[in-house]
Amino acid sequence: MSAPQELLWALIGLLLTIAGTFLEAHIPNFPWNWSQQGIHTQSLGVTYQIGAVLLVGCMGGKNAAALSQIAYLVLGLTPWFPIFSHGGGLQYLQEPTFGYLLAFIPGAWVCGWLAFKTPPRLESLAFSCVCGLLAIHFVGLVYLALTHSLSLANGDAIAFWQAAGKYSFTPFPKQLIIGCAIAVISFFMRKIMFY
């Protein structure tokens with residue numbers, strides 16, 4: 001992929017990550033119920049932010065994905081762009097969820113690296129999304145453990161395992177659903193775009 005294409009995907013990834021931060025993910029009810037109940041959506045309880053991170057990895061590659069998330073963090077840590085879910089600025093470093101935001105960089109890179117290792121197949125794109133998601137949660141948990149062990153955490157004074165359950169173990173299955181949807185979307189988009 002050429003440098004201009006990578007920069008374009010990095011910009012797209014940045015904009016999608018910002019927008020995805022504030023959009024709650026929903027799924028429709030099962031198709032076999034549509035004739036009796038109609039189409040209804042149900043909230044997953046997570047946002048599309050993870051989907052944006054994984055999408056730019058699957059579509060733009062490792063460099064574009066990492067660059068988009070570095071730009072997202074830099075913008076969010078400035079006091080002028082409160083683009084994180086609870087604002088922004090340097091004080092956000094003490095938020096228990098900051099480790100997950102920081103983890104977007106390696107998670108996006110891993111997803112993008114794996115997505116372009118083989119020709120696009122649905123299985124390989126799904127695998128890259130799962131690996132990117134696992135990288136995000138691993139780094140997020142490490143950051144969470146460090147802030148708890150050094151007593152740097154801001155806000156709730158909850159135990160590490162409660163925080164890990166709240167920020168990793170509970171949202172992970174829901175984010176996995178989003179990752180699977182991103183794999184399908186990326187598969188068709190890459191076929192349409194011939195890469």
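Analyst: Helices (H or I, at least four residues) and strands (E, at least two) are DSSP runs, numbered from the N terminus. The model is predicted, so local features need pLDDT of at least 70 and side-chain atom pairs pLDDT 80 or more, whereas totals for chains, interfaces and linings use all residues. Residues are numbered from 1 along each chain as its sequence is written, and side-chain values use heavy atoms, without hydrogens or water.

Of the lining of the second largest pocket, helix 8 gives the largest share, five residues. A pocket is an open set of points on a 1 Å grid over the protein atoms alone, where a 1.4 Å probe fits, with protein on both sides within 12 Å along at least five of seven lines; lining residues have an atom within 4 Å of a point. Helix 1 (3-21), strand 1 (24-28) and helix 3 (49-77) also each supply at least two lining residues. The lining has 17 residues in total, and Tyr48, Gly51, Ile178, Ile182 and Ile185 lie nearest the pocket centre. By class, 14 are nonpolar (Ala, Val, Leu, Ile, Met, Phe, Trp, Tyr, Cys, Pro), three are polar (the others, Gly among them) and none is charged (Asp, Glu, Lys, Arg).

Helix 8 also meets helix 6.

Methods. Contact = heavy atoms within 4.5 Å.
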